Amino acid sequence: MDITIFRKKKRNMTIFAIILIGITLLSARMTNFDVIHGIQTMPKALGWMGSNLIITEQSLEKMPSIMDKLIETIFLSITATTTASVLAFLLALMGSQTTQVNRFFGSLSRIVASVYRNIPIVAWALILLLSFGQNALTGYFALFLATFGFLTRTFIETIDETSSSSVEALQATGATYFQVVAKAVLPECSPQMISWILFMIETNIRSSTLVGILTGTGIGFAFDLYYKSMNYNVVSLITISIVVVVIGIELLSNYVRRVIL
């Protein structure tokens, strides 16, 4: 019996691997991607990076201005995430089966969350760019709308996982809707929600670099400026600074998660 099951799993895995390899080869052929040529050009690419992306003393002189732009990006990401989380929580209350007021608003909330979540942040930035122009407000709204859609969906799922017994117990005692939310939903859901908010802050700091290139703000603007002027030493410094900040915030958020969860 066990041998039959093992052979069946092995056969299924083999079929899946063959299909995956076939799809990969087909995709490479359709996109004219040459794996061998890519491997052959790697030494040349690494040599170019080694000679052009070295941080020099002259590039370090740009560090104060880079830090100003980086701090601007961090605060913009935090502001967009925290404000979006408040609105996402309110919409999630209407969308969750545990706390929804009626089915119409519940379905509407889920549809809104799905629409906003499935529009890429780059698309939001380009759409808003036409209305607001290149400024920090455009970057804020792009991060806000993408974050709002994602957090609404995750908050709905988090609230749905709330113990229904505690909600029903409070409702049986005659508690109001807001009392049920405050006494049963929030205490159980808040640690997971905070964890999702911290995750989105990390994600938005990475995303805001690309948004900044489009909107002409923050660290993305500095990256684009030095890249177009072919000052690759400063570009390397900016890239490393972004990586260090993201890793630092990730470590901090992981510590907070361990404390609250």
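Asp160 and Arg110 pair through their side chains in a salt bridge, with 3.1 Å from N to O; a salt bridge here is a side-chain nitrogen of Lys or Arg within 4 Å of a carboxyl oxygen of Asp or Glu. Asp160 belongs to helix H8 and Arg110 to helix H6 (residues 103-117), so the pair ties together parts that are 50 residues apart in sequence. Helices (H or I, at least four residues) and strands (E, at least two) are DSSP runs, numbered from the N terminus. The model is predicted: local features need pLDDT of at least 70, side-chain atom pairs count only at pLDDT 80 or more, and totals for chains, interfaces and linings use all residues. Residues are numbered from 1 along each chain as its sequence is written, and side-chain values use heavy atoms, with hydrogens and water left out.

Asp160 is partly exposed at 29% relative accessibility, and Arg110 is partly exposed at 22%. Buried means under 20% relative accessible area, exposed over 50%, and partly exposed in between (1.4 Å probe, protein chains only).

The whole structure has 3 salt bridges. They are listed below.

| Asp160 | Arg110 | 3.1 Å |

Glu157 and Arg153 are 4 residues apart in helix H8, which puts about one helical turn between them. Glu157 is partly exposed at 39% relative accessibility, and Arg153 is partly exposed at 21%. Asp224 and Lys228 are likewise separated by about one helical turn, being 4 residues apart in helix H11. Asp224 counts as buried at 17% relative accessibility, whereas Lys228 is exposed at 64%.

On a 1 Å grid over the protein atoms alone, a cavity is a set of points where a 1.4 Å probe fits but cannot get out; a pocket is an open set with protein on both sides within 12 Å along at least five of seven lines, and lining residues have an atom within 4 Å of a point. Grid points are joined across faces, edges and corners, and a volume is the space filled by probe spheres set on the points.

There is 1 cavity of 30 Å³ or more, and the largest cavity holds about 50 Å³. Its lining includes Thr73, Leu76, Gly139, Leu143 and Ser208. Two or more lining residues come from each of helix H5 (63-95), helix H8 (136-160), helix H10 (177-215) and helix H11 (218-228). H10 gives the most, with 4 residues. By class, the lining of this cavity has 4 nonpolar, 8 polar and no charged residues. Ala, Val, Leu, Ile, Met, Phe, Trp, Tyr, Cys and Pro count as nonpolar, Asp, Glu, Lys and Arg as charged, and the others, Gly among them, as polar.

The largest pocket has a volume of about 170 Å³. Of its 13 lining residues, Ala146, Thr147, Phe150, Met200 and Thr203 lie nearest its centre. H6, H8 and H10 each give two or more residues to this lining, and the largest share, 5 residues, comes from H10. The lining of the pocket divides into 8 nonpolar, 4 polar and 1 charged residues.

On the surface, Met42, Leu46, Trp48 and Met49 form a nonpolar patch with about 410 Å² of accessible area together. Patches are made of residues with over 30% relative accessible area and no salt bridge, with like charges joined within 9 Å and nonpolar side chains (Val, Leu, Ile, Met, Phe, Trp, Tyr) within 5 Å. Accessible areas come from the Shrake-Rupley method with a 1.4 Å probe; for residues, only the protein chains shown count as cover. Met42 lies in helix H3 (residues 42-52) and is partly exposed at 44% relative accessibility.
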